[in-house]
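Dear colleague,

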Amino acid sequence: MTITIALPSKGRMKDDCSAIFDRAGMPIVAVGNDRSYRGRVDGWDGVEIAFLSASEISREIGNGSVDFGITGEDLVREGMAEADRRVEFCARLGFGHADVVVAVPEIWLDVDTMADLGDVAADFRARHGHRLTVATKYWRLTQQFFSSQHGIQLYRIVESLGATEGAPAAGSADIIVDITSTGSTLRANHLKILSDGIILRSEACLVRARKESHEGDPMVQRIISAVRSAL
Ligand SMILES: Nc1ncnc2c1ncn2[C@@H]1O[C@H](COP(=O)(O)OP(=O)(O)OP(=O)(O)O)[C@@H](O)[C@H]1O
Ligand SMILES: O=P(O)(O)OC[C@H]1O[C@H](OP(=O)(O)OP(=O)(O)O)[C@H](O)[C@@H]1O
């Protein structure tokens, strides 16, 4: 059976991914021309590479149309319910670090924790005429964290497809959930992370779709061992 591994075709994880595969003794060669979205691993028959974007990789692992992928943990956990049941995080790769965080305006001096935020949410409508509004592209992670983990129910999510950190100043949301790495975008927008507001510490991972056909397939274990040996 051919095993398909999805790797980023562009973006911030692309170069680190090919470096790790080189170190793993799995040098990737493009099939066809430079713009081709298929590749193979030199010397590894039965392994195929699919080049996709980071968020497509998470989707394709989720629906089982690829066997492995390298993408951010944030995109995998946001993209599917019960991620650990459907996929295996085989290795954390040490790049692509980003935290998914809850951030509020710095001038909210009395709000430093999720419990404080819960208090604010409770009478937000009475005070401001609308429910506490959260701008994010991380709907699932936000709902799990606010509702299931912190019992905060009185909020509304507005989808943000970009420039999320600008939403509070623009008036389109009160607070945000987004990723941060250096923290400079949050600082530039006068937002602060709540002290217990780190939803997920994400990094690039080797992720496997849990498929019955993998059981007893030596190639599956060989790929995992090779990537782990490169860390
Ligand atoms: N500063 C950062 N900003 C955004 N994403 C980051 C950052 N640092 C690490 N990442 C991670 O990179 C991944 C997204 O990669 P990238 O932005 O290259 O994807 P992309 O090519 O834009 O993909 P797509 O088009 O599918 O969104 C996410 O898992 C994210 O957590
Ligand atoms: O903490 P920092 O180092 O400031 O990084 C965080 C920012 O970087 C990303 O945006 P980016 O400009 O990369 O665009 P993208 O969302 O399209 O990837 C992300 O969406 C944050 O806005």
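A residue is called buried when its relative accessible area is under 20%, exposed when that value is over 50%, and partly exposed in between. Please bear in mind that this is a predicted model.

With a salt bridge taken as a side-chain nitrogen of Lys or Arg within 4 Å of a carboxyl oxygen of Asp or Glu, the count comes to 14.

One of them links Asp67 and Lys211, whose closest N and O atoms are 3.0 Å apart. Asp67 sits in the loop between helix H2 (54-62) and strand E5 (68-72), while Lys211 sits in the loop between strand E12 (204-209) and helix H10 (218-229), so this pair ties together parts that are 144 residues apart in sequence. Asp67 has a relative accessibility of 4% and therefore counts as buried, whereas Lys211, at 23%, is partly exposed.

Another salt bridge joins the side chains of Glu73 and Arg77, at 2.7 Å from N to O. Both residues belong to helix H3 (residues 73-79), where they are four residues apart, or about one turn of the helix. Glu73 is buried, with a relative accessible area of 6%. Through salt bridges that share partners, Glu73 and Arg77 are joined with Asp84, Arg92 and Glu203 into one network.

Finally, Asp42 and Arg40 meet through their side chains in a salt bridge of 3.9 Å, N to O; Asp42 is partly exposed at 42% relative accessibility, and Arg40 is partly exposed at 41%.

Key. Residues are numbered from 1 along each chain as its sequence is written. Chains are lettered from A and ligands numbered from 1 in the order in which they are written. This is a predicted model: local features need pLDDT of at least 70, side-chain atom pairs count only at pLDDT 80 or more; totals for chains, interfaces and linings use all residues. Side-chain values use heavy atoms; hydrogens and water are left out. Buried means under 20% relative accessible area, exposed over 50%, partly exposed in between (1.4 Å probe, protein chains only). Helices (H or I, at least four residues) and strands (E, at least two) are DSSP runs, numbered from the N terminus.
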